[in-house]
Amino acid sequence: MPLIGVAELVLHVKQTTVDVVTDADWNAARDAVKDAAKPDDLVLFAPFWADPLGRRAFGDELAGMKKEARADESRFARAFEVSIRGARRPELTGWREASERRVGPITIRVYENPLHVKVLTDVLDEVGPEHVTVSRVDANGAETPCTWQHSAGQPGGLAVPQGPAIPGDRFVCTNGGYVGAAVLHNDDHHPHLCLFASASGTTRIRVKDVAFGQSLAGHAGVQWVTDRTPTPERIELAFSAFDRPIGQHHHRVGTGWVDFEFPTPEIAGKRGDLVADVTGSGGGARHFCFEANTR
């Protein structure tokens, strides 16, 4: 037992002295990445628990919301991995490592994405009254418009169970539901920026003047407190354009942050409205959140 105590003391001293990455180290790594990175490059911090430390030093310019709360990595052609203690990010498995350099105790690796896809229209970039309309659809197909409102957002809170982060800028519907972009806390404990559609029944979201490509892709999920308890509940997300169906994603509570993709070669190269109908069953939409893009 005394030997174990001595070993623990030695490891503790190492972790709190030799292994410590100082603010000066993080700032030096930030400057190195800033000199080399392009605006569309992804920046990741390894290990994942070091992400808050990295974001504090790198700021919104290099590690802003769209990158930190990304749906996935497919749209990024290149990534900078800022690593401490030899860690690597599993999201970059299969990417080609182009270069590596050391900045003090920090390793900066540059990766290139062999499966990079070009996004034409990201629905999240269009959210607002200029490009999007939202309405409630009753059983007879009649639509009641939802009103765009600008106010302060509400964080999900730190106490368990955390609620969803309610967006300040959102469409508010007569039944108390809303549609707006915010960050979903899913049960993988990674942030995901997406479009909340919090309402029972059917909510219709129309995005104007979308550039269509070879496919429509996206992700969907619900707040982690709900998602950790699987239920028979289904949430249907149905897409259409030019009065023709594109595809349906049937989301099941308890499945996490799920991807979907529908081929659209017949409308590739065209511009028009994209319609998304969100229909909840059982307990309603359950703070359902999704992102979608044409590519």
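This is a predicted model: local features need pLDDT of at least 70, side-chain atom pairs count only at pLDDT 80 or more; totals for chains, interfaces and linings use all residues.
Local features need pLDDT of at least 70 and side-chain atom pairs pLDDT 80 or more, while totals for chains, interfaces and linings use all residues. Numbering starts from 1 along each chain as its sequence is written, and side-chain values use heavy atoms, with hydrogens and water left out.

Seven of its 10 residues are buried, so the rest of the structure largely encloses S12; buried means under 20% relative accessible area with a 1.4 Å probe, protein chains only. S12 pairs antiparallel with S6 (residues 132-137) over six bridges, where pairing takes at least two DSSP bridges. Ile205 has Ala276 of S17 as its bridge partner, and Val207 of S12 sits opposite Val132.

Ile205 also turns up in the largest nonpolar core, among the residues with the most contacts inside it, as do Phe239 and Phe290. That core counts 34 residues, a core being buried Ala, Val, Leu, Ile, Met, Phe, Trp, Tyr and Cys joined through side-chain atoms within 4.5 Å.

Beyond neighbours within four places in sequence, Glu126 contacts (heavy atoms within 4.5 Å) Thr121, His131, Val132 and Val207.

Methods:
Buried means under 20% relative accessible area, exposed over 50%, partly exposed in between (1.4 Å probe, protein chains only). Helices (H or I, at least four residues) and strands (E, at least two) are DSSP runs, numbered from the N terminus.
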